Amino acid sequence: MKTIVSACGVGFASSTVIAERLKAILERENMTDQVRIVQCTFNEVPGLLDTTNCIVQFSMVGSDYPVPTFNGVPFLTGIGQKELEQQILEVLNNS
């Protein structure tokens, strides 16, 4: 199973919005049984790297991870959301 980490400062507000957008993408692409979403704080991300395919976070805090890391702000604003969705799907389809 593939994993996307949705991270923000407190692991609740912004990461919940990002996780909901990610769930919608996975449902649309019929990938809900292939990918899980883990919500967490920025501080928890390093402990999840061994099982993570990509990270979508509210800002680019600690963006030097060994997996693709995306700024999730487009999921909050709508600006650039389609492009971000495509980038995430590319990672999932190629990992």
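Trainee: Which residue forms a salt bridge with Glu29, and how far apart are the closest N and O atoms?

Mentor: Side chains of opposite charge can pair when their charged atoms come close. A salt bridge is counted here when a side-chain nitrogen of Lys or Arg lies within 4 Å of a carboxyl oxygen of Asp or Glu. In this predicted model, local features need pLDDT of at least 70 and side-chain atom pairs count only at pLDDT 80 or more, whereas totals for chains, interfaces and linings use all residues. Residues are numbered from 1 along each chain as its sequence is written, and side-chain values use heavy atoms, with hydrogens and water left out. Under that rule Glu29 forms a salt bridge with Arg28, the closest N and O atoms being 3.3 Å apart.

Trainee: With which other residue does Arg28 form a salt bridge, and where in the chain do the two lie?

Mentor: Arg28 also forms a salt bridge with Glu85, with 3.2 Å between the closest N and O atoms. This pair links distant parts of the chain, since Arg28 belongs to helix H1 and Glu85 to helix H3, 57 residues apart; helices (H or I, at least four residues) and strands (E, at least two) are DSSP runs, numbered from the N terminus.

Trainee: Is Glu85 buried or exposed?

Mentor: Buried means under 20% relative accessible area, exposed over 50%, and partly exposed in between, using a 1.4 Å probe and protein chains only. Glu85 counts as buried at 4% relative accessibility, whereas Arg28, at 43%, counts as partly exposed, and Glu29 is partly exposed with 35%.

Trainee: How many strands form the sheet, and in what order?

Mentor: Two strands pair if DSSP finds at least two bridges between them. Here four strands form an open sheet in the order E2-E1-E3-E4, with parallel pairing. The edge strands, E2 and E4 (69-71), each pair on one side only. Strand E1 (residues 2-8) is joined to E3 by four bridges, and Ile4 stands opposite Cys54 in E3.

Trainee: Which residues is Thr52 in contact with, leaving aside its neighbours within four places in sequence?

Mentor: Contact means heavy atoms within 4.5 Å. By that criterion Thr52, found in the loop between strand E2 (35-41) and strand E3 (54-57), is in contact with Thr3, Val5 and Val67, once neighbours within four places in sequence are left aside. Thr52 counts as buried, at 8% relative accessibility.
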